Amino acid sequence: MNYSVEDIQRQFQRLRMTETSKEIPTFLRKAESHSWTYQEFLRELLTYEEKRREEKMIEKHLKWAKFPYQKSLKEFDLKEQPSLSKRQLRQLSELSWLEE
């Protein structure tokens, strides 16, 4: 049985893997050009889908939080908080304190 790329995309959409469905042609080209095995191909598809779902979940939660603006630790200005050293900020960004 021969499936077209569009058939495969529709199946991914029915499985609610819409982000991946859009990228099927790209993944197929990469798989051919890099001679991926079936396992490599599946791993790439699933990794992409997981990553996109996580990104969308973060976007959704940030939207729900209604923060006035977003700022990462990389953008943190140490001059605004003189009690915090550069080393302390790096340690905080490593998140090792979460395990403790």
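Mentor: A charge is said to sit over a ring if NZ of Lys or CZ of Arg is within 6 Å of the ring centre and within 35 degrees of the ring normal. The model is predicted, so local features need pLDDT of at least 70 and side-chain atom pairs count only at pLDDT 80 or more, while totals for chains, interfaces and linings use all residues. Residues are numbered from 1 along each chain as its sequence is written, and side-chain values use heavy atoms, with hydrogens and water left out.

Trainee: Over the ring of which residue does the charged end of Lys 30 sit?

Mentor: The distance from the charged end of Lys 30 to the centre of the ring is 6.0 Å. The ring below that charge belongs to Phe 27.

Trainee: Is Phe 27 buried or exposed?

Mentor: Buried means under 20% relative accessible area, exposed means over 50%, and partly exposed lies in between, with a 1.4 Å probe and protein chains only. Phe 27 has a relative accessibility of 6%, and therefore counts as buried.

Trainee: What kind of pair do the rings of Phe 27 and Tyr 48 form?

Mentor: Rings of Phe, Tyr and Trp (its six-membered ring) pair if their centres lie within 6.5 Å, and planes under 30 degrees apart count as stacked, over 60 as edge-to-face and the rest as tilted. By this rule there are two aromatic pairs. For Phe 27 and Tyr 48 the centres are 5.4 Å apart and the planes stand at 70°, so the pair is edge-to-face.

Trainee: How many residues apart are Phe 27 and Tyr 48?

Mentor: Helices (H or I, at least four residues) are DSSP runs, numbered from the N terminus. Phe 27 lies in helix 2 and Tyr 48 in helix 3, so that the pair links distant parts of the chain.

Trainee: Which kind of pair do Trp 36 and Phe 41 form?

Mentor: Phe 41 is itself buried, at a relative accessible area of 19%. The centres of the Trp 36 and Phe 41 rings are 6.5 Å apart, and with 45° between the planes the pair is tilted.

Trainee: Is Lys 66 buried or exposed?

Mentor: Lys 66 is placed in the loop between helix 3 and helix 4 (86–94), and its phi is positive, about 55°, although it is not a glycine. Its relative accessibility is 71%, so Lys 66 counts as exposed.

Methods
Helices (H or I, at least four residues) and strands (E, at least two) are DSSP runs, numbered from the N terminus.
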